[in-house]
Amino acid sequence: MKILVPLKRVADPDNANKIKIPAGGATIDTTGLEWKPNPFDEYALEAALRLTENGATPKTRGGEVIVVTFGPKECETTLRAALATGADRAIRVDAKDDELDGSIVAKALRAIVDKEKPDAVVMGKQAVDGDSNQIGQMLAQHLGWPQATFAATIEEEDGALLVGREVDGGVITLRVKLPALVTVDLRIVAPTSVYSKQTKRDFKYNDGVRFAALPAIMAAKKKPLAELKLAELVSDTALKVQYSRFEAPPSRKAGIKVKDVAELVTRLKNEAKVI
Amino acid sequence: MIDWSETHLSIRDAFRRFVEAELKPNLEALEHGDLPPYEILRKMAATFGLRDMAAMKFQSDVAKAKARRERGEADKPREPRANPAAGEELAMRMIPIIELSRYSPGMVTALGVSMGLTANAIMSKGTIEQKERWALDLLTLDKIGAWAITEPGSGSDAFGAMRATARRDGDGYVLSGSKTFITNGPYADTIVFICKLDEGNDPKDRRVLSFVLDKGMPGLTQSKPLRKMGLHASPTGELFLEDVRVGRDRLIGETEEVQARDGAKDTFASERTGVAAMALGIVEQCRMLCIDYAKTRVQFGRPIGEFQLVQLKLARMEVARMNIQNLVFRQIELAAAGRGMTLAEASACKLYCAQAAMEVALESVQLFGGNGYMAEFQVEQLCRDAKVLQIYGGTDEIQISQIARNLLAGLGRERHLDEPARRRQREVLNHGAQRRGLRAGGAGRRRVGVDWHRQPVVCSGRYVSLVAPATRARGAEGVGVTAPRELFGLAGCQRERRRDARTAGDAAHRSVCAVDGASAARDERRRVAGLARGDLVVELTLLPQRERRGGRVDQAEDDRIRPLSAARHEASERSARAGGRAPRPRRRRAPGPRRRRASGTRRRRASSPRRRRASSPRRGRTSSPRRLRAPCPCRGRTSSPGGRGGVGVVGLAPAGSGGGEQQ
């Protein structure tokens, strides 16, 4: 099976307090931020790797995983890390962050899918920076492919994927015929979430995303990494979404001490208006 | 190397993620709950493919060694040559050390002793069978190793005060003694036990041997972990041996000729370099925690980072981090260049890194104030852990004496002489120096890299073609003696001492002295000695058979010194006063039996240039081979081993005589 996995780098969510908004609030100052792959994209890559191998012998690849990202040269670090964990080749679409919106990315991805003809696109359900949660759905629409979003389990069948989606009160299982698009949620990296055809059903993966072995990190330098121009993929590069203003979350106000229960109740009722 | 490469950083990120996911949650149990570190280490080795890499490297090394043995070749010592892969390999070993040390330096110690020290002891000196039997399991962490040298009464003076013994018993040995402060001791499956061979002789003359022991052997007791100040993730214990019977197959190398001393010295050097990476991890973590704390801790209405006393602490931490990181980079660069640190350089490196890590960790506790004293804020643990860096692998004090010994190499060798000889040595060395108001010993010597077969690497002036040491040495035995040391005293020499034991029958070492250095004092001393700048002097020592151990030259022999004859010195002085000419002093035969000349040829070789020289005016010296040195008259009076070996000057050539480019 050949799987395309789009990746996005995001500002390290653990260091969100480093994000600065310059006066005016029209942009975000990204200097000094540490970049990490979007966690959901890492889960998608893990799922794709699991779908293209026999879990018991992960060194023999049973398919191809192509990772793709949009961004400047520095984004190649993200791609190399993905290649080190096991992806077979990488594509970087050269673009600046402010040239991109969900629509443009979805259209460009469509062009890449047309070229690469993968059997499936597996991607994170959303990026943790913008939290838009839309590219998977838009891309499926552009391609006319079946889609299964918020996947918690994937099982490969002949010519189809059996996808479990967690919803309130239970799990919906969908069978999508290949080629198909799947966006994954966090439980996709549990030990028994993904099974390829080769992997025995009693096999258990380690919980979480796999680590890259040292020899693989060294070998990743030699794996192919292609560069494409955004203009080659999309004819209309005008932004459909424009950010007008950013605002930092309000800083927490100091608390107060109350004398007795009576005052507490009064304040909760009159000031906090929660009772 | 000025910074980590992108690949290094990916490796670092991967290890950092692992440490935060697997080690951090267990830190409490490792610190205060006696959780042994081994399962986490094994998981790390498996996750990152280290286990497979170690096993593959082991298989290929052993296969090569076997092929060599089948062809009947001896193990070749590796020629030092530039090898970028070795640098990468070292970087990949250091990055995990740094990342582990950020949370638990003890894990590094436990890992390093097992996979490093113990396995290396077997890999470097053991037979192929011993490697296969014990080393592979250590390298893959399937088994845990311990390296037992320290005893209750022997720490810094590891060999001198060692009391553990091996007695011969039929074809095997009986071992007894007790060891303490043994890392991994309580849990070790494989133990390298270092002891002295008791042949009924004086303990200080005894040979040092290493044996491999397995857990559970009759007579071997492994204690429970000892309580200690820090480094709790590394279990430390005692070992007791009561008449443990072992076969010869457990003696490393399966021969008594393998000297554990050499192995231990190599081990110290590598242990010391590892400390730099550990110190870097501790300092990086302290610095990071302190910066965060300084930004968020508010006192007197503002973050404490705004106070200059706090800023000073942070700045000093950054300086320490930069310095230690540079030392780590230097080690990687050296490895890539096919070199390693010398023992003295490694000592200097260890001394600085250990002290810097301790200072940074202590200051971190101070910066955190009351919180720093509490176990909840990691700096307390790092501070306790850092202290060990100043103690193990050679205390700070031992490192200092190693460095000083190296700096004062000329003087330091005195201690190998007996007292009267030492006194004479001092007199002789100081004689000329004091007269000129100089300090004896000659500081600031530059090393001259001279390869035997090739041109000198760094050597101003001219170069004399040299004959293979073995050839010269065979003829030279007992012929003459000279001490390049006297040239040190007189002419400001730079010298390189190398050992050669190329063929089975030859054990020789040589010293190459380049007479160099630009200063008025040196010019004067050269003039007195009758040498020109750039002259190269070669000294060879051929050791008699009994001095050789396993084809290696005994270290003690290397360290001995043949003092300059005071008579000769005075003669040259007289000549200096008399107008720059340096006729040979009249020779008084030393008391004691006349030394034997090895061969007539040799004698002619030694004497003819002298005759020529005696009859030619001094000015002519550039056109003829310079005099060869005659036996030093003080020979018989010293207790130096020169009497046992032969020392001869093989080439002492005038400037230009090799290339013939003058005149």
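In which helix of chain A is Val261(A) placed?

Mentor: Val261(A) sits in helix 7 of chain A, which covers residues 261–270. Keep in mind throughout that this is a predicted model.

Start with exposure. Val261(A) has a relative accessibility of 62%. The cut-off for exposed is over 50%, so Val261(A) counts as exposed.

Val261(A) belongs to a nonpolar patch on the surface.

Now the chain around the patch. Chain A has seven helices and 14 strands. It holds 275 residues, and 42% of them count as buried. Its accessible surface comes to about 14800 Å². Carbon and sulfur atoms account for 53% of that surface. Take the contacts in chain A between residues at least 6 apart in sequence: 71% of these join residues at least 24 apart.

Arg165(A) is found in strand 10, residues 160–167. Arg165(A) is buried, yet it has no salt bridge. The nearest side chain of opposite charge belongs to Asp185(A), 8.8 Å away. A salt bridge needs a separation within 4 Å, so Asp185(A) does not qualify as a partner. There is a polar atom to look at instead. The backbone oxygen of Thr149(A) lies 2.6 Å from a polar atom of the Arg165(A) side chain. Thr149(A) is also among the residues in contact with Arg165(A) once neighbours within four places in sequence are left aside.

Two backbone details in chain A deserve a check. One is a cis peptide bond between Leu178(A) and Pro179(A), with omega about -5°. Pro179(A) lies in the loop between strand 11 (170–177) and strand 12 (180–184). The other is Asn133(A). Its phi is near 55°, a positive value in a residue other than glycine. Asn133(A) is placed in the loop between strand 8 (120–124) and helix 4 (135–143). With a relative accessible area of 22%, Asn133(A) is partly exposed.

Chain B has a positive phi to inspect as well. Phe300(B) is not glycine, and its phi is near 50°. Phe300(B) is found in the loop between strand 8 (298–299) and strand 9 (302–303) of chain B. Its relative accessibility is 78%, so Phe300(B) counts as exposed.

Finish with chain B as a whole. Its secondary structure comes to 21 helices and 15 strands. Of its 663 residues, 52% are buried. Chain B exposes about 30600 Å², with 52% supplied by carbon and sulfur atoms. Among its contacts between residues at least 6 apart in sequence, 74% join residues at least 24 apart.

Back to your starting point.

Methods: Residues are numbered from 1 along each chain as its sequence is written. Chains are lettered from A and ligands numbered from 1 in the order in which they are written. This is a predicted model: local features need pLDDT of at least 70, side-chain atom pairs count only at pLDDT 80 or more; totals for chains, interfaces and linings use all residues. Side-chain values use heavy atoms; hydrogens and water are left out. Patches are made of residues with over 30% relative accessible area and no salt bridge: like charges are joined within 9 Å, nonpolar side chains (Val, Leu, Ile, Met, Phe, Trp, Tyr) within 5 Å. Accessible areas come from the Shrake-Rupley method with a 1.4 Å probe; for residues, only the protein chains shown count as cover. Helices (H or I, at least four residues) and strands (E, at least two) are DSSP runs, numbered from the N terminus. Buried means under 20% relative accessible area, exposed over 50%, partly exposed in between (1.4 Å probe, protein chains only). Lys and Arg count as positive and Asp and Glu as negative; His and the chain ends are not counted. A polar contact is a pair of N or O atoms within 3.5 Å; within protein, one must be able to donate a hydrogen and the other to accept it, and residues adjacent in sequence count only if both atoms are side-chain atoms. Contact means heavy atoms within 4.5 Å.
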